[in-house]
Amino acid sequence: MLQIILILILGSFQPDTDLYLSDDGRFSILSPGNFVEKYQEQTTDIGEVEVYTLHCQPDAEVDPNFLYLINYIDYPPGFEDSIQVAESDFLNDLFDTSIDQSVTSLNGSLLYSSDITLQDNYKGRLSRVTYNDGDAIVKSKMFVVERRFYFIQVFTTKNNSLNLMMDEFLDSFKVLL
């Protein structure tokens, strides 16, 4: 009974979330606030790629997380056919490299990484990284859907590292095909 009361009390302090629909990104996700969008083209080993970034910095007084981030990248046409994504080690290499780059850019340490799936169809990876001398945490999920790579992250402090808003955001991500 005490657990139910605590859940109800803690649940009542959760900030409001809205369903965010991205037509261009072909996804939906629960958002704790307004996203700011940014677009850029980058030259990579496989050619020009389009990088889309959406970020939300919620009110610190009501949200335990200080940054919600969604990146997605469109690979060149023919990507899925030429690499045979579903049957190759390419996905594991992509996920490992993305996590390594995240750890390096934050000067952090990987706490864990595990394979996941999205909507029973798309391979993905869940990870948690600590940085800022262990005082900050980023939890992320990444997926490849056709020729699009999604990288969804939530940043918080060590004291708030286990919070419902983080998991609600990451778990609410759905692709719309």
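Helix α3 (residues 90–106) lies across β6, β7 (122–131), β8 (136–145) and β9, and runs at about 20 degrees to β7. The model is predicted.

Q: How do you know that helix α4 packs on the sheet, and what angle does its direction make with that of β9?
A: Helix α4 (residues 164–171) touches β5, β7, β8 and β9. Its direction makes about 175 degrees with that of β9.

Q: What is the order of the strands in the open sheet of 7 strands?
A: The order is β3-β4-β5-β9-β8-β7-β6, and the pairing is antiparallel.

Q: What makes β3 and β6 edge strands?
A: Strand β3 (36–44) and strand β6 (109–118) each pair on one side only. On average, neighbouring strands of this sheet are turned by 20 degrees against each other, direction ignored.

Q: Why are strand β5 and strand β9 said to pair?
A: Pairing requires at least two bridges between two strands. Strand β5 (residues 65–74) and strand β9 (residues 148–157) have 9 bridges in the antiparallel sense; therefore they count as a pair. Within this pairing, Y68 stands opposite V154 in β9.

Q: Why is I73 called buried?
A: The term buried applies under 20% relative accessible area. I73, found in strand β5, has 18% relative accessibility, so I73 counts as buried.

Q: Which residues does I73 touch, not counting residues up to four places away in sequence?
A: I73 touches V49, E50, V51, R147, R148 and F149.

Terms used: Residues are numbered from 1 along each chain as its sequence is written. This is a predicted model: local features need pLDDT of at least 70, side-chain atom pairs count only at pLDDT 80 or more; totals for chains, interfaces and linings use all residues. Side-chain values use heavy atoms; hydrogens and water are left out. Helices (H or I, at least four residues) and strands (E, at least two) are DSSP runs, numbered from the N terminus. Axes are lines fitted to C-alpha atoms, for helices over the stretch in contact, and angles run from 0 to 180 degrees between N-to-C directions. Contact means heavy atoms within 4.5 Å. Buried means under 20% relative accessible area, exposed over 50%, partly exposed in between (1.4 Å probe, protein chains only).
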